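My entries follow in the order I made them.

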Amino acid sequence: MVRIMRFSCIFAVAMLIIIFSPFQSSQFSYHKASVFRNAPDCSFSTDRTKFEKIEYSKFVHVAMTLDNQYLRGSIAAVHSILRHCRCPENVFFHFLVSDTNLKTAIQYIFPELKFNVYYFDSKRVKTLISTSVREALKHPLNYARNYLADLLEPSIHRVIYLDSDIIVIDDIFKLWSTNLREKAIGAPEYCHANFTTYFTARFWSDGRFSSVFAGRKRKPCYFDTGVMVMDLVKWRRVGYTKRIEKWMDIQKTNRVYELGSLPPFLLVFAGDVAHVDHRWNQHGLGGDNVKGSCRKPYPGPTSLLHWSGSGKPWVRFDSKNACAIDFVWASYDLYKHET
């Protein structure tokens, strides 16, 4: 009897540890989102219970990363997409994770969300990642977007990739309809930026490296990889993942750039990017890459707000140091605040 009682006590304690562990309680730290339904004129509506065989061609596909540090941002981003979408049931999400347990949190917060979860093994890029000006830029999940064509189902031909620190305030179908023509990616470009600063003096002085831009049909310009429309068919056919990895490998021994996962994309795609209106990436709201300073949005129409930079709105709210623009983000935050 004593042994049975001891076992019962141990089992009860173990269950309490599981129930109240940081992850298990994290999903309950969020409000459940409202259920968003298609407008009457949407082309179709799909019941989640019939997902044994998914017709991916009928959906708009959005890919994002999920991790514990940025989970709150990702949830707000998904919430914003659904709220502003005329046909939210026609959007399918693809989450790249290093912790598959996060799937439970998404299921709880968005019980009718259509999504898949893909495990991204950090070992795949760990030996390729070099030091950066910000420690956060070295996180392996920052490089997961390079492997979307490999991770997603072959029947998915196009995807929108979005960072976790964005808010969409327009219908995502408008971004989905971007005409990529023959390009593999589309993104807002910023040709007024000083492109040379993204690479080291060694890069520009060595023709083996700098000549990569010589054959481009257009002037290479900066673009932000946090908002991209991607043609996965062309990506797979050309083998762009290997091209990006090649530059990451060169970086390990020659130090040709400073900023994390962005420069390899610029080296492969700059000057060969399909046009996307600037309204789809109102970026830089997180301030500079050293400290999170407040920045005002640029004037003009806006469809997507992006807190790129070191200052994240949820961190600034928790530290009682929010910027004015962060209050827009807060209207999509589903985190349960202490009262």
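I call a residue buried under 20% relative accessible area, exposed over 50%, and partly exposed in between (1.4 Å probe, protein chains only). I also note that this is a predicted model, in which local features need pLDDT of at least 70, side-chain atom pairs count only at pLDDT 80 or more, and totals for chains, interfaces and linings use all residues. Residues are numbered from 1 along each chain as its sequence is written, and side-chain values use heavy atoms, with hydrogens and water left out.

Entry: overview. I found 14 helices and 11 strands in the protein; helices (H or I, at least four residues) and strands (E, at least two) are DSSP runs, numbered from the N terminus. Of the 339 residues, 53% are buried. I then looked at contacts, meaning heavy atoms within 4.5 Å. Among contacts with a separation of 6 or more, 74% are between residues 24 or more positions apart.

Entry: disulfides. I searched the whole structure for pairs of cysteine sulfur atoms within 2.5 Å, which is the definition of a disulfide here. The search gave three disulfides. Counting bonded cysteines along the chain, I get the pattern 1-2, 3-4, 5-6.

Entry: Cys-42 and Cys-87. This pair is joined with S to S at 2.0 Å. The torsion about the S-S bond is about -95°, so I put the disulfide down as left-handed. Cys-42 is in the loop between helix H2 (22-26) and strand S1 (60-66), and Cys-87 is in the loop between helix H3 (71-84) and strand S2 (91-97), so the pair ties together parts 45 residues apart in sequence. Both Cys-42 and Cys-87 are buried.

Entry: Cys-191 and Cys-221. Here I read 1.9 Å from S to S. The link of Cys-191 and Cys-221 is right-handed, with 100° about the S-S bond. Cys-191 sits in the loop between strand S7 (189-190) and helix H8 (201-205), and Cys-221 in the loop between helix H9 (207-210) and strand S8 (222-223), so parts 30 residues apart in sequence are tied together. Cys-191 is partly exposed at 36% relative accessible area, whereas Cys-221 is buried at 1%.

Entry: Cys-294 and Cys-323. The sulfur atoms of this disulfide are 1.9 Å apart. I noted -85° about the S-S bond, a left-handed link. Cys-294 is in the loop between strand S10 (274-275) and strand S11 (304-306), and Cys-323 is in the loop between helix H13 (313-318) and helix H14 (326-330), so the pair ties together parts 29 residues apart in sequence. Is Cys-323 buried or exposed? At 4% relative accessibility, Cys-323 is buried, while Cys-294 is exposed at 53%.

Entry: Which cysteine sulfur is nearest to that of Cys-85, which is in no disulfide? The nearest is that of Cys-87, 6.0 Å away. Cys-85 has 7% relative accessibility and counts as buried.

Entry: helix contact. I checked which residues of H11 meet H12. Tyr-240, Arg-243, Ile-244, Trp-247 and Met-248 in H11 meet Pro-264, Phe-265, Leu-267, Val-268 and Phe-269 in H12. I sorted the residues of this contact as nine nonpolar, no polar and one charged, where Ala, Val, Leu, Ile, Met, Phe, Trp, Tyr, Cys and Pro count as nonpolar, Asp, Glu, Lys and Arg as charged, and the others, Gly among them, as polar.
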